[in-house]
Amino acid sequence: MNKGKQLEFQFQTDLFKTICAPGTLLEAFKSVKRNKGSPGIDGVTIERYEENLEENIQQLGQEVLNWKYKPTPVRRVEIPKPGGKGMRMLGVPIVKDRVLHMAIKMVLEPIIDPTFSENSFGFRPGRNQQQAVKQAQKIVQSGKEFVVDIDLSKFFDRINHDRLIYRLKSHINDPRILRLIGMILRGGIMIDGVKTPSEEGSVQGSPLSPLLSNVVLDELDKELEKRNLEFCRFADDCNIFARTQRGAERIMESIKKFIEKKLKLKVNEEKSKTRKSNEVKFLGMTIIEGTIAIAKATYNKAMEKVKSLIPRGSHLPIEKAMKEVNTWYRGWASYFKMTQYPFQLQLIEAHIRRRFRARIVYQQKKKRNLLALLLKRGIKKKSAAKTVYSNRGIWNLSHTPALDKAYSIEWFVKQAGQIIISNTLMKHWFEIKKRVRLT
């Protein structure tokens, strides 16, 4: 063995001790604490684990070093998928296991991540959704407007353990680390008090899972690059681009075979399609004629969220209700302001105001009460009476000149505290009057 290989081997074998070192485990705990999360099947919270942190860290490191460590089955949690399309299965490891998973990730990621494709953006340091969407935009602008939109069915549940370990071997030559990861993968799931063995899959909820999923799907990335195909991938959301519909269909057929035969994964036939970019939702966005817009499904979902935040029958004061709406909208818009059409944000803001106006109308109960309110708000008697006694429904009344004037944008901003983001001047935005047609 030459000197270079000896140094590489020494570096790799030291990784196991680095994972078990108290300093590494302590930093891992800090990261787990920042991420928050509920307890696993042992009921131990992050706060409780922290009460004896030094002792817990020392014990965990020794258990792993001496091979006395045994992964605890994860607590199975079901959360509804967007749009009510079934349930998504998550696993919640105990805090102790999450600390170890994070330590492994912290040590291995700097070694493995640099080998990943430049077209992979999900759960990687310094990479994000916005970069992925901009990359997709760039490819579409080059003339490749047909998209192979691949959806992997239950990806995290179907990861093949043997293939994953085989892929890890090309990065990590320490068999102890590979053995430890194998133990974690086979740790099992607790469902209704009964332990179920995990013969395939990776826990969607473990800090280590995103890195392992990228190791699995990097094989797909390398295959696409080998075929000189342009693509963007964010975790298991992958779009491949082609110049023609026929070319996209050929790519879909051949890549589906590769995914199912080589990677041992399953393509969701119902959701995987070939279509033009303006018909594809990628990370909540869509590319329309080379421009970035909020996708129609995403926009509709936001409208439904506003509706749920502002129910008509609520007696919560408008100022307090607006604070809740602002908290949601600020977070939502911080991501979706990547659209090039501020008009889309303006529509959401207008919908928020209309929902509040509808609530105000609903709460008056009787027409004479609504008339009195409009007069109090400075609306002329003739205009107020014409509006109130027009036999319009609540929703139609909420967007009449009288209601718009009584509860204007200025009122919502100054009195109710509504935040407006659509009037922010961002370099990538078109003029606010520019519209976009969603499909």
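Which residues form one aromatic cluster? Select Trp 328, Tyr 329, Trp 332, Tyr 335 and Phe 336, and you have the cluster on screen.

Before moving on, note that this is a predicted model, where local features need pLDDT of at least 70, side-chain atom pairs count only at pLDDT 80 or more, and totals for chains, interfaces and linings use all residues. Numbering starts from 1 along each chain as its sequence is written, and side-chain values use heavy atoms, with hydrogens and water left out.

Rings of Phe, Tyr and Trp (its six-membered ring) pair if their centres lie within 6.5 Å; planes under 30 degrees apart are stacked, over 60 edge-to-face, and the rest tilted. By this rule there are 13 aromatic pairs.

Next, select Phe 123 and Phe 234: their ring centres are 5.6 Å apart and their planes meet at 50°, so the pair is tilted. Phe 123 sits in the loop between helix H5 (95-112) and helix H6 (129-141), while Phe 234 belongs to strand S6 (residues 230-234), 111 residues apart. Helices (H or I, at least four residues) and strands (E, at least two) are DSSP runs, numbered from the N terminus. Phe 123 is partly exposed at 46% relative accessibility, whereas Phe 234 is buried at 10%. Buried means under 20% relative accessible area, exposed over 50%, and partly exposed in between (1.4 Å probe, protein chains only).

Last stop: select Arg 435, whose charged end sits over the ring of Phe 343, 3.6 Å from its centre. This term requires NZ of Lys or CZ of Arg within 6 Å of the ring centre and within 35 degrees of the ring normal.
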